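Subject: Structure for your files

Hello,

Here is the structure I said I would pass on. My notes on it follow below.

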Amino acid sequence: MAVERTFAIIKPDAVKAGHSGEILSAIHAAGLAIRAMRLVRLTPRICQGFYHEHVGKGFYPELEAFMTEGPVVILCLEGEGAILRWRDLMGPTDPAKAPEGSLRKRFGTHIGRNATHGSDRAESAAFEVGYFFSQAFDLV
Ligand code: DAT
Ligand code: MG
């Protein structure tokens, strides 16, 4: 399996509830390396660009309101098969369907407030890492 980079967010619900440390611990325990990390507050415009594939869907206004309601931790993670491994650690989109021990089961409350984000494939990982982080200054 190839070494990959993926993009992750600790969403506003998890940051506000004080779960950032436990989520970072899970990243370390899984052997994923942190290549960039920053606490930021998304604006509606930044959120629209990031979630461009979802703009116009019925749930998008709720998604934008949630993602801009407070600070988030943005991360670039790296490791063997990092894209799928981070998705597996998070669990599925809906916390109600997530397995015991997964991050969305532990820290999410429902599909609209699900604690974490992870890129779903190589193309979105490349776009999302580049959307938030600069190769020259942020990625170590
Ligand atoms: P994922 O975050 O698992 O990649 P996605 O890309 O389909 O899921 O959707 C992005 C986010 O939008 C998701 O984390 C939560 C929100 N969302 C998706 N479907 C939703 C729905 N039916 N109702 C409310 N929010 C939804
Ligand atoms: Mg997605």
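Glu100 is exposed, at 70% relative accessible area; exposed means over 50%, buried under 20% and partly exposed in between, with a 1.4 Å probe and protein chains only. Its side chain meets that of Lys105 in a salt bridge of 3.9 Å, N to O, where a salt bridge is a side-chain nitrogen of Lys or Arg within 4 Å of a carboxyl oxygen of Asp or Glu. Lys105 is partly exposed, at 32%.

This is a predicted model, in which local features need pLDDT of at least 70 and side-chain atom pairs count only at pLDDT 80 or more, while totals for chains, interfaces and linings use all residues. Residues are numbered from 1 along each chain as its sequence is written, chains are lettered from A and ligands numbered from 1 in the order in which they are written, and side-chain values use heavy atoms, without hydrogens and water.

Salt bridges

The whole structure has seven salt bridges. One of them joins the side chains of Arg35 and Glu78 at 2.9 Å, N to O. Arg35 is in strand β2 and Glu78 in strand β3, so this pair ties together parts 43 residues apart in sequence; helices (H or I, at least four residues) and strands (E, at least two) are DSSP runs, numbered from the N terminus. Glu78 is buried, at 16%, whereas Arg35 is partly exposed, at 25%.

Another salt bridge, of 2.7 Å, N to O, is between the side chains of Glu69 and Arg113. Glu69 lies in the loop between α4 and β3, and Arg113 in the loop between α6 and β4, so that pair links parts 44 residues apart in sequence.

Cores

The largest nonpolar core has 19 residues, and Phe7, Ile9, Tyr51, Met67, Ile74, Phe132 and Phe133 touch the most other members. A nonpolar core is a set of buried Ala, Val, Leu, Ile, Met, Phe, Trp, Tyr and Cys residues joined through side-chain atoms within 4.5 Å. Helix α4 gives this core its largest share, four residues. Apart from this core lies another, of 18 residues, including Ile27, Ala82, Met90 and Leu103.

Helix α5

In α5 (residues 82–90), Ala82, Ile83, Trp86 and Met90 are buried. They sit on the same side of the helix, because they cover an arc of only 105° around its axis, taken from the directions from the helix axis to the C-beta atoms. The face turned away from that side carries the exposed residues Leu84 and Asp88. Just after α5, Gly91 has a positive phi of about 90°.

Regards
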